[in-house]
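Here is a friendly walk through one protein model. Have a look at the sequence and the 3D view, then read on.

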Amino acid sequence: MTLTKLAGGTAAVGLGAVGALHGIWTFSPWPLASRAEFARTVVGVAEADLPTPELTAAVAAALGAASYVIAARADLVPQVRPRRLVRQGVWGVAGVLLLRGSIGLVSSALTSRPTDFTRWDLALYSPLCLALGGLTAYVAASTRAPRRRDRRHVIRRLKDRTNRRS
């Protein structure tokens, strides 16, 4: 197995698991006991300010799509057309994860009053985003599209064909 497939598989499984967890959160605060504890620990807001189940389901779907795009780019599952969409999607996923991880670390580290959320953000959420973002960026960089040939080379080849026919 290539390193690209290993990185892609790890990132895809990780994002798929996080997506499944968000799917569970559309109807349950699992693994926490209450919605109030969930809001405080996982989201960092008051229970009244929790995102709606529809928004949480949309995040779950986006994470599932991100998981597919990474797996497809790493050649673990078939790619849909246009392939450019998959290639650009992997770069987009990498950028979002790296940005979320970086901003999370900085904002949680600079908070004057640590909360349950900021402690978890520093210990798990942001580092996980950075790790998955790094793996995704590796997949994106190691599966770059082949460069197009220089047009002069193509024109020369066409001229050679024409000269051979003459």
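## Charged pairs

R40 and D116 form a salt bridge, and their closest N and O atoms are 3.5 Å apart. A salt bridge here is a side-chain nitrogen of Lys or Arg within 4 Å of a carboxyl oxygen of Asp or Glu. R40 sits in helix α2 and D116 in helix α5, so this pair ties together parts that are 76 residues apart in sequence. Helices are DSSP runs (H or I, at least four residues), numbered from the N terminus.

Before going further, keep in mind that this is a predicted model: local features need pLDDT of at least 70, side-chain atom pairs count only at pLDDT 80 or more, and totals for chains, interfaces and linings use all residues. Residues are numbered from 1 along each chain as its sequence is written, and side-chain values use heavy atoms, with hydrogens and water left out.

How many salt bridges does a search of the whole structure find? It turns up three, and here they are:

| Pair | Closest N to O |
|---|---|
| R40 and D116 | 3.5 Å |
| D116 and R119 | 3.2 Å |

Why do such pairs form? Side chains of opposite charge can pair when their charged atoms come close.

D121 lies in helix α5 and R100 in helix α4, so their bridge ties together parts that are 21 residues apart in sequence. Is D121 buried or exposed? With 1% relative accessibility, D121 counts as buried, while R100, at 30%, counts as partly exposed. The cut-offs are simple: buried means under 20% relative accessible area, exposed means over 50%, and partly exposed is in between (1.4 Å probe, protein chains only).

D116 and R119 are three residues apart in helix α5, so about one helical turn separates them. Salt bridges that share partners join R40, D116 and R119 into one network. R40 is partly exposed at 42%, D116 is partly exposed at 28%, and R119 is partly exposed at 46%.

## The nonpolar inside

The largest nonpolar core has nine residues: A11, L15, L63, A66, I70, V93, L97, C129 and L132. A nonpolar core is a set of buried Ala, Val, Leu, Ile, Met, Phe, Trp, Tyr and Cys residues joined through side-chain atoms within 4.5 Å.

Zoom in on V93. Leaving aside neighbours within four places in sequence, V93 is in contact (heavy atoms within 4.5 Å) with L15, A66, I70 and T136.

## Helix α1, inside and out

Helix α1 has 23 residues and reaches 33 Å from its first C-alpha to its last, close to the 33 Å expected. That expected span is 1.5 Å times one less than the number of residues. Among the buried residues of α1 are A11, L15 and W25. What covers the buried residues of α1 includes α2, α3, α4 and α5.

L3, also in α1, counts as exposed at 53% relative accessibility. Together with L6 and Y138, L3 forms a nonpolar patch on the surface, with about 290 Å² of accessible area in total. Patches are made of residues with over 30% relative accessible area and no salt bridge, with like charges joined within 9 Å and nonpolar side chains (Val, Leu, Ile, Met, Phe, Trp, Tyr) within 5 Å. Accessible areas come from the Shrake-Rupley method with a 1.4 Å probe, and for residues only the protein chains shown count as cover.

Methods: Helices (H or I, at least four residues) and strands (E, at least two) are DSSP runs, numbered from the N terminus.
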